[in-house]
Amino acid sequence: EVLLRMHSVGICGSDVHYWQHGQAGNFVLKAPMVLGHEASGTVIKVGAEVTHLQPGDRVAIEPGVPREIDEYCKVGRYNISPSIFFCATPPDDGNLCRFYKHSASFCYKLPDNVTFEEGALIEPLSVGIHACRRAGVTLGSKVFVSGSGPIGLVNVIVAKMMGAAVVVVTDLSASRLQKAKEVGADNIIQVTKETPQEVASKVKSLLGCMPDVTVECTGVQACIQAGIYATRSGGTLVLVGLGPEMVTLPIANAAAREVDIKGIFRYCNTWPMAIALLASKRINVKPLVTHRFPLEKALEAFETTKRGEGIKVMLKCDPNDHNP
């Protein structure tokens, strides 16, 4: 293990859910818990068995650490191991604090040209990498991203990086759609009162065809329905957004057209790829950070996130260093 002086921690929607409702999806709080899982910091102490890190190293933290080498770990899908430790998922504490101890194998050294904030953003970025990998985004893919929050935006960035020819994004918010354009979306659609079929039809007319891949980042029933209607026959719909336990879907439509519906759970094996992309400047995630607060003002930071202001709110845990 390594002891870290924490530097930058991003606030995620799940953090807000735990704070407000005591649960996120199927994960329910039974005792107080430290929040935070999008994070980076500096190594200040290493355990006796750690050889690849030393004090002074700047690292990005992968928050999910397998507790055992089970069948899922053996096939490289450790994220779906039922016993995995995960920062800020009950009952495991997160890393929104001054000092934090973590498994050294899940701390990745940051190159000098990658900032602490970029290191913290690897966590949401990894959701995009994992989703686009599961969807099979490749050279020339036509992609529909539903939702333009932080996770929708990282999917836009990653889909373009993986070779998508065109990416169209939908959202209710005009300002969020502008941010989608800024990070690489080719077309945007501001949804108001359209039916799911009407949204699908708008996506098709903008792309000139139905998308090969739809990445659904809202979890809203109507948006998942639109995703099914929009995706071309033989295409793939990936469900990224977390919504209610039960939703009504046009499943016969998907089945008859061989639309593959896939889920994702976090990510696995993504940090080295993300670091390589950031270090080579092939992608730019810096525009995602819109607000910064010192740790002392965490409550204000959480209130800002809850109100839906900006995109990514970043907390600064080192009182002597508030730089990005």
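The model is predicted, so local features need pLDDT of at least 70 and side-chain atom pairs count only at pLDDT 80 or more, while totals for chains, interfaces and linings use all residues. Residues are numbered from 1 along each chain as its sequence is written, and side-chain values use heavy atoms, with hydrogens and water left out.

Helices (H or I, at least four residues) and strands (E, at least two) are DSSP runs, numbered from the N terminus.

**Helix packing.** Helix α3 (residues 116–135) packs against helix α9 (residues 271–279) and against helix α4 (residues 150–161). Axes are lines fitted to C-alpha atoms, for helices over the stretch in contact, and angles run from 0 to 180 degrees between N-to-C directions.

| Pair | Angle | Axis separation |
|---|---|---|
| α3 and α9 | about 115° | 9 Å |
| α3 and α4 | about 55° | 8 Å |

The table makes α3 oblique to α4, whereas α3 and α9 are roughly perpendicular. Angles under 35 degrees count as roughly parallel, over 145 as roughly antiparallel, 65 to 115 as roughly perpendicular and the rest as oblique. The crossing of α3 and α9 is right-handed, and α3 also passes α4 in a right-handed crossing; right-handed means that the near helix is turned clockwise from the far one by less than a right angle, left-handed anticlockwise.

Contact means heavy atoms within 4.5 Å. Towards α9, the α3 residues in contact include E118, I122 and R133, and their partners include W271, M273 and L278.

The structure holds 0 disulfides, a disulfide being a pair of cysteine sulfur atoms within 2.5 Å. For C107 the closest cysteine sulfur, in C87, is 9.1 Å away, too far for a bond. The sulfur of C223 is likewise too far from its closest counterpart, in C217, at 10 Å. C107 is buried at 2% relative accessibility, while C223 is partly exposed at 24%. Buried means under 20% relative accessible area, exposed over 50%, and partly exposed in between (1.4 Å probe, protein chains only).

G47 is found in the loop between β4 (38–46) and β5 (58–61) and is partly exposed at 25% relative accessibility. G47 and D318 are 271 residues apart in sequence and 22 Å apart in space, C-alpha to C-alpha.
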